[in-house]
Amino acid sequence: MAKIIVVTSGKGGVGKTTSAAAIATGLALRGNKTVVIDFDVGLRNLDLIMGCERRVVYDLINVIQGEAGLNQALIRDKRTENLHILPASQTRDKEALTPEGVEKVLETLSQEYDFIVCDSPAGIEHGAQLAMYFADEAIVVTNPEVSSVRDSDRILGLLASKTRRAERSEPPVKEHLLITRYDPNRVTSGDMLTLDDVREILAINLVGLIPESEAVLRASNQGVPVVHDMDSDAGQAYADTVSRLLGEDVPLRFHEYQKKGLLSRMFGGGRR
Amino acid sequence: MSLNMDRETSAFTFKGGMLPMTVMELTSADPEQIRAQLAGKVSQSPAFFQHTPVVLSVEQLDEPHLALERICAVCRAHKLLPVAVRGGTDPVKQSAWALGLGWFPPQEARPRAVEDTSLAAIEPQPEPQPEPAPASAVGRIYRGTVRSGQQVTAPEGDLVVVGAVNPGAEVLAAGSVHVYGPLRGRALGGIHGDRQAGIFCQELHAELLSLAGNYKRLEDIDPRLLNHPVQVQLRDDQLNISSLG
């Protein structure tokens, strides 16, 4: 049986899709059979981030409506073994996403995969609720700023009440906090909330901290999940996150302000 | 005018009333046995024996003559005040009157099985008893973080939150609101108009405080009180926030 992980946030633009792509890739690189599903019907992006936009023929809605088989819609990742992508529909009405249909797809995938990563759309409407409904674990992506923290708080409330586990009174969805776009320099100068501020309000286990990094934008535009770029701080931070998801104890990195040394200033090294 | 005069001349009025009354259902006429049982009950719940009026019911006894005076003395010695006797023969009625007690006829068509001789049998039992007393004293206890968009309500009594109330969350109570943690959302006490209700929290950063419809916004709160333990009370239609530290 696969573990179903939803990547969600409430707020848009905080890095859900980037994180879903990086974490799914990271899990696959560690030898886990992984599928990542885009639930953002009408605003699909995951295929771009994963660099497989030219190979999309069928999508999740086609499968749910019986117009295509699951194997026809699944796209095998070119770089990573064990990794498949199930894209969302860009044209269909998002109401076509039915709970019964999603359940059936997840059940089928569960037989074959170790991890199912669900990339949730922003907001708290139908699509977002469906993406989280069947989840065993949730990664709540949060930026260190007040509106993102409040939206994450809202999502955590929904995870505790509007999921299958909550409705069946099963053990609750395991919640993980993933802080993205963290800039220690701006935290020090007071522009950003500190790590402790965010953790105090959301009061859930921190699974990772991704520093603000040029590598992320570069990775998105190239369609290569940033976790492949192990020279970059963001790539390493996502790799740490995946290790923690797998239960390993990894010390936190990239959360402290670092003065640039003379050499790195001269040669422009350090953060890339 | 005549109405006023009438009022001045009358010393009292008679009114019908239904008062809760404890009935002491006697299953023995032996004063010593009663004394022994009462002594045990007093130690179990001393609060009950505070000159509590009781009606002695002798319906279950088959004795034509009762040592009523001695039974009454035993009761008074244990701070129970016999006020009347129910049931029994004509001599019992006469001796009740002689002792200055009232007499009630036996209750008709009443199930006879009163097997319960425990404390519950002698405790006052007002007929409509919806909930046990401890449950209504504290309306609701909520453990955990109240998150943005969530609403936790105690429609009766107080609300106790053991955890944080986050921004965008709302906690409401008919009585007082107690937050054992930071209060960062909205807290409304006395939502049915109870002006005695208060709000208590360990760390004040509330978006809104309201008691019986009177409110203060975060902006109106003295910044020196922010992030401190406080209590909020209603005084002259104004919310009064004072430090608890």
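**Exercise 1. A residue in a loop**

State whether A:D40 is buried or exposed, and describe where A:D40 lies in chain A.

Solution. 
1. The relative accessible area of A:D40 is 18%. Buried means under 20% relative accessible area, exposed means over 50%, and partly exposed lies in between, with a 1.4 Å probe and protein chains only. A:D40 is therefore buried.
2. The model is predicted: local features need pLDDT of at least 70, side-chain atom pairs count only at pLDDT 80 or more, and totals for chains, interfaces and linings use all residues, while side-chain values use heavy atoms, with hydrogens and water left out. Residues are numbered from 1 along each chain as its sequence is written, and chains are lettered from A and ligands numbered from 1 in the order in which they are written.
3. In chain A, the loop between β2 (34-38) and α2 (46-49) holds A:D40. Helices (H or I, at least four residues) and strands (E, at least two) are DSSP runs, numbered from the N terminus.
4. A:P121 is 81 residues away from A:D40 along the chain, yet their C-alpha atoms are separated by 4.6 Å.

**Exercise 2. A residue in a strand**

Find the element that holds B:V232, and give the distance in space between B:V232 and B:S176.

Solution. 
1. B:V232 belongs to strand β14 of chain B, which spans residues 230-235.
2. Because its relative accessibility is 1%, B:V232 counts as buried.

**Exercise 3. Salt bridges**

How many salt bridges are counted over all chains, and which parts of a chain does the pair A:D136 and A:R165 tie together?

Solution. 
1. A salt bridge is a side-chain nitrogen of Lys or Arg within 4 Å of a carboxyl oxygen of Asp or Glu. By this rule, the count over all chains is 25.
2. In the salt bridge of A:D136 with A:R165, the closest N and O atoms are 2.9 Å apart. A:D136 is in the loop between α6 (126-133) and β6 (137-142) of chain A, and A:R165 is in helix α8 (residues 164-167) of chain A, so the pair ties together parts that lie 29 residues apart in sequence.
3. B:R186 and B:E170 also form a salt bridge, and here the closest N and O atoms are 3.0 Å apart. Since B:R186 is in strand β10 (residues 186-189) of chain B and B:E170 in strand β8 (residues 170-173) of chain B, the bridge ties together parts 16 residues apart in sequence. B:R186 is partly exposed at a relative accessible area of 33%, whereas B:E170 counts as buried at 19%.
4. A further salt bridge joins the side chains of B:D237 and B:R195, at 2.4 Å from N to O. This pair links distant parts of the chain, 42 residues apart: B:D237 is in the loop between β14 and β15 (238-243) of chain B, and B:R195 is in the loop between β10 and β11 (199-204) of chain B. B:D237 counts as partly exposed, with 43% relative accessibility, and B:R195 counts as partly exposed, with 43%.
5. In chain B, salt bridges that share partners bring B:E32, B:R35 and B:R70 into one network.

**Exercise 4. Positive phi angles**

Describe the phi angles of B:K79 and B:N227, and locate each residue.

Solution. 
1. Most residues other than glycine have a negative phi.
2. B:K79 is not a glycine, yet its phi is positive, at about 60°. B:K79 is in the loop between α3 (68-77) and β3 (80-86) of chain B, and is partly exposed with a relative accessible area of 39%.
3. B:N227, also a residue other than glycine, has a positive phi near 65°. The loop between β13 (214-217) and β14 of chain B holds B:N227. B:N227 is partly exposed, with a relative accessible area of 46%.

**Exercise 5. The cavity**

How much space lies in the largest cavity, and which residues line the largest cavity?

Solution. 
1. On a 1 Å grid over the protein atoms alone, a cavity is a set of points where a 1.4 Å probe fits but cannot get out, and lining residues have an atom within 4 Å of a point. Grid points are joined across faces, edges and corners, and a volume is the space filled by probe spheres set on the points.
2. The structure holds one cavity of 30 Å³ or more, and the largest cavity contains about 30 Å³ of space.
3. The lining consists of A:T18, A:A21, A:A22, A:I49, A:A219, A:S220, A:V224, A:P225 and A:V226.
4. The elements that give two or more residues to this lining are α1 (16-29) and α11 (214-222) of chain A. The largest share, three residues, comes from α1(A).

Notes
1 Å grid on protein atoms, 1.4 Å probe; cavity = no way out; pocket = protein on both sides within 12 Å on 5 of 7 lines; lining within 4 Å.
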